[in-house]
Amino acid sequence: MQAPGKHRDSDTSRETVRHSPARDDPGRKALPALPQQLEEVLVVVGGRALEEAEEGTEEPAPHLENFAFYNTKAKRWTPLPDFPDFHKWGFSLAALNNSVYVTGGSRGTKTDTWSTTQAWCFPMKEAAWRPVAPMLKARTNHASSALNGEIYVIGGTTLDVVEVESYDPYTDTWTPVSPALKYVSNFSAASCQGRLYLVGSSACKYNALALQCYNPVTEAWSMIASPFLPKYLSSPRCAALQGALYLVGDNTKKVYVYDPGANLWQKVQSLHSLHENGALVPLGDALYLTGGRWQGMDGDYHVEMEAYDPRRDAWIRHGALPRLWLYHCASTVFLDVSKWTQPFSPIQEH
């Protein structure tokens, strides 16, 4: 999900380039500097990929190039330093202060753990993964979102309660947050207009979707009865763009948008195709949706992306992702695209 303050972080980066010591001090000899090409890009962390799935393999081999970015201007995927705990699934990803955070999920490199408290951080300025303080609760198939300078993680624990906690990157600590009012196990969450929205249902009972909202000022949750909220979506994904909350699901091409001010849901242009186990991410003035789908009589698997332009109310195809990830998460950051130029290696045929 898009992190509040990300644009400020980018502005700060540009100010650093603009006000270098050589420029501020006329008497200091100017050093040659490479031009910065800061761009907002889509970053994806992938779990196990389809081409790696070999039967009879107890310990999966390391998978390289499981972390990448997509330059929307060049329409090109480029690998970033590999996420160290390869083959994970059920994890969540959020960006804050131009750093990528991966939380929870399966053990990944070890197949004996269903859920973990692990948390990883990739600061773009350091360009390296490092572990941060573990969460208070082990989580799998949870949601995460940046809000007011912190990372919130929602749900995914073993209790029939939507447990929530927040991470402060400056103190490297996690703090419990009030649980949501209604239990949901089939859900998504996103921050929008300074609040955290949780939309979901209890998958085991096929309950209708419910909309809940957390206000960080009052530290309280509320139920929102909103007209035309979809009855049910499988594996819903939501994201905020231009003050509105967009919602999609694995089981339909329909797309919904929620106006918090009017407390009203409505439909927008439908998707070109289904997208499973992927991500919905705002980038610039558009919304990017990724995910896989099975196609054809032979069961070919495709992991593709399309982007929504709210001004035209249209979805535009952006082709395939660089790997056939069975599970992945995405967000956006700013980086100097001129520093990352190595192309993806070809996929090995089995």
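Trainee: In this predicted model, which residues is V102 in contact with, leaving aside its neighbours within four places in sequence?

Mentor: V102 touches V45, F83, F91, S92, L93, Q118, A119, W120 and W129. Each counts as a contact because heavy atoms lie within 4.5 Å. V102 is also among the residues with the most contacts inside the largest nonpolar core, together with V43, V45, F67, V100 and W129. That core has 21 residues.

Trainee: Which strands each supply at least two residues of this core?

Mentor: They are strand 1 (38–46), strand 2 (67–71), strand 4 (92–96), strand 5 (99–103), strand 6 (119–123) and strand 24 (328–336). Another core, of 19 residues, lies apart from it and includes Y70, W77, Y288 and M305.

Trainee: Why is Y288 called buried?

Mentor: The relative accessible area of Y288 is 7%, and buried means under 20%; therefore Y288 is classed as buried. Y288 belongs to strand 21 (residues 286–295). Beyond four places in sequence, its contacts include Y70, L280, M305 and H318.

Trainee: Why is N148 called exposed, and why is D172 called partly exposed?

Mentor: N148 has 53% relative accessibility, and exposed means over 50%, so N148 qualifies as exposed. D172 has a relative accessible area of 35%, which falls between the limits of 20% and 50%, so D172 is partly exposed. N148 sits in the loop between strand 8 (143–147) and strand 9 (150–154), whereas D172 sits in the loop between strand 10 (164–168) and strand 11 (173–177).

Trainee: What is stated about phi in N148 and in D172?

Mentor: Although N148 is not a glycine, its phi is positive, at about 50 degrees. D172, also a residue other than glycine, has a positive phi near 55 degrees.

Trainee: What makes strand 12 and strand 15 edge strands?

Mentor: Strand 12 (186–192) and strand 15 (220–224) each pair on one side only. They belong to an open sheet of four strands, in the order 12-13-14-15, with antiparallel pairing.

Trainee: How do you know that strand 12 pairs with strand 13?

Mentor: Pairing requires at least two bridges; seven bridges join strand 12 to strand 13 (residues 195–201), so the two strands are paired. In one of these strands, strand 13, G200 is the bridge partner of F187.

Trainee: Over which residues is the pLDDT below 50?

Mentor: That applies over residues 1–31, while the chain averages a pLDDT of 85. Where pLDDT is low, the predicted coordinates should not be read in detail.

Note on methods: Residues are numbered from 1 along each chain as its sequence is written. This is a predicted model: local features need pLDDT of at least 70, side-chain atom pairs count only at pLDDT 80 or more; totals for chains, interfaces and linings use all residues. Side-chain values use heavy atoms; hydrogens and water are left out. A nonpolar core is a set of buried Ala, Val, Leu, Ile, Met, Phe, Trp, Tyr and Cys residues joined through side-chain atoms within 4.5 Å. Buried means under 20% relative accessible area, exposed over 50%, partly exposed in between (1.4 Å probe, protein chains only). pLDDT is the predictor's confidence in each residue, from 0 to 100.
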